[in-house]
Amino acid sequence: MTAPSLSVVPEPEIADGSFAAPACEAAVLGIALIPAEEEHRDELLARATAEAFTDPVTRAIFRTIAARVEREAEVDGATVLEDLRAQGILSGPEGFDTIIGLQDAASRASFAANLQEVLDRRERRVRGEHARAALRDIEDSAVSIDELRDRDDARRAGLQAHLAVPHAPRLYDDVSIEDLPPIEYLIDGLLPKESLAVLFGPAESYKTFLALYIALCAATGFEFFGREVGGHGPVVYVSGEGRSGLGARVRVWKRHRHFHGRAGVRFLLDPVALARPDEVTAFLRLLDSLEQPPALVVFDTLARCMAGFDENSTGDMGAAVAGMDRIRGETGAATLALHHSPHDGKRERGSTALRGAADVSIGMRAEDGVVTVECAKMKDAPHFERMYLEPFEVGDSIVLVGAKSALHLRAGELTQSQLQALHSLHLLAPPHGLTASQWEEVSELQRRTFYAARKALVEGGYVDQDGEKRGALYTATHRGAELVGARCS
């Protein structure tokens with residue numbers, strides 16, 4: 001007898017007119033319809049799905065917003081209403097009033113509480129459906145009490161397996177600890193084998209493109225932007241969002257690499273609830289069906305694989321990390337979790353427990369047609385050198401290529417004051433660098449002009465800042481040195 005499952009209930013036809021959406025749903029959708037509220041909109045799309053909304057109209061509005069964000073199209077009340085009407089939804093005169101009503105309900109101050117209420121209501125509905133399904137089994141006399149107890153025991157066993165130490169503890173003396181094997185890399189200098197890695201960045205920073213490249217290189221053995229791949233094998237890519245573009249992205253990568261046939265990447269087009277031991281158990285059973293254990297498992301995105309949980313909670317984030325640790329421990333695979341960042345792109349969004357648990361943390365940002373990839377954390381090994389990539393349109397998708405020096409040495413790339421500040425730093429700074437006040441003095445720029453130039457040079461990757469507070473030291477990066485050398489030659 002199979003375990004009870006949720007039946008799929010067809011959504012009622014969406015008609016024009018009023019609808020009875022809870023106030024919390026109207027409030028979060030209203031915020032998402034405001035063009036300037038990109039950060040709140042990103043958080044809503046990262047933490048919720050259409051199923052979190054109780055009314056077919058609000059579900060349709062959520063899906064339309066998500067589709068526009070995925071297409072990188074403008075999001076506001078007018079454009080969303082236009083898309084809805086193209087679908088035959090809210091096509092009557094009440095449609096405009098509906099959108100205005102949502103925007104009127106928007107509340108920045110209570111956004112977090114309203115979103116949590118939306119998620120909590122969804123969780124209660126799911127639990128209720130499970131309970132009703134179990135009751136139907138009992139009423140149909142198809143499931144005995146003993147079978148229900150067996151299922152409960154299995155769930156407990158899954159939880160214990162999630163929390164269990166995979167091997168008996170062992171003490172090493174100082175001699176045996178010296179003989180432990182060195183780090184082995186799946187991608188040289190970037191991704192160690194069996195590691196927990198995080199790839200983070202703001203929206204539209206090409207995270208999925210880079211993760212696909214890592215996955216395809218790990219599966220095929222192709223070099224990853226000049227880095228060797230060691231011991232490649234099957235890769236599993238869990239895609240919780242943006243799945244419609246995956247086929248084109250894989251096709252363009254193969255065409256660019258002149259690769260034909262199967263690369264060895266398997267895609268799961270549903271998120272895995274990493275904080276739920278029973279779902280991790282089911283996922284591990286799925287991995288057991290592969291012809292050999294995976295070398296890499298990618299979760300795109302971590303937020304989708306934590307739906308219903310709070311990424312700001314140390315406990316919830318710790319449970320998701322425990323799920324990835326269990327997958328690594330039982331398969332020997334490296335895990336790569338894609339995660340969003342605040343708009344400054346300097347760290348992962350949510351609890352710092354993720355950064356603390358990660359072996360590798362990689363940050364990405366895209367500015368002025370250049371994608372910057374840099375190491376934010378590399379446990380027990382040196383940070384890899386910052387990478388610069390460029391996106392080029394190929395067919396119906398994009399290919400990322402290593403940024404050629406000539407494309408970054410355009411005469412108009414920096415202002416005259418920025419070039420003067422960079423030139424003075426590169427030529428006059430000692431190896432350890434200059435403080436901001438020392439650099440300002442040798443640059444011979446006015447204070448306001450200097451600080452604007454310094455900010456642009458650091459953010460552009462031309463200058464490295466060692467430290468966050470007063471006394472930080474500044475040195476020209478390889479990219480900055482290249483630019484100065486090119487202009488002096």
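Trainee: Glu330 is partly exposed, with a relative accessible area of 48%, and I would like to know what such a label means.

Mentor: A residue is called buried when its relative accessible area is under 20%, exposed when it is over 50%, and partly exposed in between, using a 1.4 Å probe and counting protein chains only. Before we go on, keep in mind that this is a predicted model, in which local features need pLDDT of at least 70 and side-chain atom pairs count only at pLDDT 80 or more, while totals for chains, interfaces and linings use all residues. Residues are numbered from 1 along each chain as its sequence is written, and side-chain values use heavy atoms, with hydrogens and water left out. Across the 489 residues of the protein, buried ones make up 45%.

Trainee: Which residue does the side chain of Glu330 meet in a salt bridge?

Mentor: A salt bridge here is a side-chain nitrogen of Lys or Arg within 4 Å of a carboxyl oxygen of Asp or Glu, and for Glu330 the partner is Arg326, with N to O at 3.1 Å. Whereas Glu330 is partly exposed, Arg326 is buried, its relative accessible area being 8%.

Trainee: Where do Glu330 and Arg326 lie, and how many residues apart are they?

Mentor: Both belong to helix H12 (residues 314–331), 4 residues apart, so that about one helical turn separates them. Helices (H or I, at least four residues) and strands (E, at least two) are DSSP runs, numbered from the N terminus, and the protein has 18 helices and 13 strands. An α-helix has 3.6 residues a turn, so residues three or four places apart point the same way. You can find another such pair in helix H17 (residues 447–459), where Lys455 and Glu459 are also 4 residues apart, about one turn, and form a salt bridge with their closest N and O atoms 2.9 Å apart. Glu459 is partly exposed, at 38%.

Trainee: Which residues are linked in a network of salt bridges?

Mentor: Such a network links Arg365, Glu367, Glu374 and Arg386. Within it, the side chains of Glu374 and Arg365 meet at 2.6 Å, N to O; Glu374 is partly exposed, at 23%, while Arg365 counts as buried, at 18%. The count of salt bridges comes to 17.

Trainee: How many of the residues of helix H2 are buried?

Mentor: In helix H2 (residues 38–47), 7 of the 10 residues are buried, so the helix is largely enclosed by the rest of the structure. The buried ones are Arg41, Asp42, Glu43, Leu44, Leu45, Ala46 and Arg47. By contrast, Asp104, which has its place in helix H5 (residues 94–105), is exposed at 62%.

Trainee: Which residues make a nonpolar surface patch?

Mentor: Patches are made of residues with over 30% relative accessible area and no salt bridge, like charges being joined within 9 Å and nonpolar side chains (Val, Leu, Ile, Met, Phe, Trp, Tyr) within 5 Å. Tyr172, Ile177 and Leu180 make a nonpolar one of about 270 Å². Ile177, in helix H8 (residues 174–178), counts as partly exposed at 44%. Accessible areas come from the Shrake-Rupley method with a 1.4 Å probe, and for residues only the protein chains shown count as cover. The protein exposes about 25,000 Å², of which carbon and sulfur atoms supply 51%.
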